[in-house]
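The following exercises ask you to read a model step by step. Look through the sequence and the coordinates first, then work each task before turning to its solution.

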Amino acid sequence: MSQSNHQDHIPQHGSAKNYIIGFILSVVLTLIPFLMVMNHAADKKTLFAVIVITAVLQLIVQLVCFLHLGSNPEERWNLISFIFTAIVIVLLVGLSIWIMWSLNANMVLG
């Protein structure tokens, strides 16, 4: 009988270097808005913008470094399933808010 190697189809996980880089970036992206808020470094609008920007950047770092979402052929199905899940969640939340707003508007007028 021929022996097949089952490890050919196992997707590659991140290296220690990739995890360390992701961890350091996550800590830096957490410390930036934290220190700005604690030291009252800017006005509220600027702080809000910094918090939102660093949150989006941290989301991208987490997705790439820890969840291994990328454009490599091995990671493509993970990316496709993540995008599909994000679309479903946005539709569910968005349409639920729209339905509740519509019901509220109709109840107030009636």
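The model is predicted, so local features need pLDDT of at least 70 and side-chain atom pairs count only at pLDDT 80 or more, while totals for chains, interfaces and linings use all residues. Residues are numbered from 1 along each chain as its sequence is written, and side-chain values use heavy atoms, with hydrogens and water left out.

**Exercise 1. Describe the secondary structure of the chain and the extent of α2.**

Solution. Begin with the count, taking helices (H or I, at least four residues) and strands (E, at least two) as DSSP runs numbered from the N terminus. The chain has 3 helices and 0 strands, and the order from the N terminus is α-α-α. Next, take α2, whose 23 residues reach 31 Å from the first C-alpha to the last. This is close to the 33 Å expected at 1.5 Å a residue, where the expected span is 1.5 Å times one less than the number of residues. Finally, ask which residues of α2 are buried (under 20% relative accessible area, with exposed meaning over 50% and partly exposed in between, for a 1.4 Å probe and protein chains only): they are L47, V50, T54, V61, L63 and C65. For the chain of 110 residues, 14% count as buried.

**Exercise 2. Characterise the aromatic pair of the structure and say which parts it ties together.**

Solution. The structure holds 1 aromatic pair, the criterion being rings of Phe, Tyr and Trp (its six-membered ring) with centres within 6.5 Å, where planes under 30 degrees apart count as stacked, over 60 as edge-to-face and the rest as tilted. Y19 and F66 form this pair, and with 6.1 Å centre to centre and 10° between the planes it is stacked. Because Y19 lies in helix α1 and F66 in helix α2 (residues 44-66), the pair ties together parts that are 47 residues apart in sequence. Turning to accessibility, Y19 is partly exposed at 32%, and F66 is likewise partly exposed, at 28%.

**Exercise 3. Examine H40 and H68, which have a positive phi; where does each lie, and is each buried or exposed?**

Solution. As background, most residues other than glycine have a negative phi. H40, with phi near 50°, sits in the loop between α1 and α2 and is exposed, with a relative accessible area of 68%. H68, with phi of about 55°, belongs to the loop between α2 and α3 (76-109), just after α2, and counts as buried at 11% relative accessibility.

**Exercise 4. Locate S81 and relate its position to that of L69.**

Solution. S81 is found in helix α3 and is partly exposed, with a relative accessible area of 37%. S81 and L69 are 12 residues apart along the chain, and their C-alpha atoms are separated by 9.9 Å.
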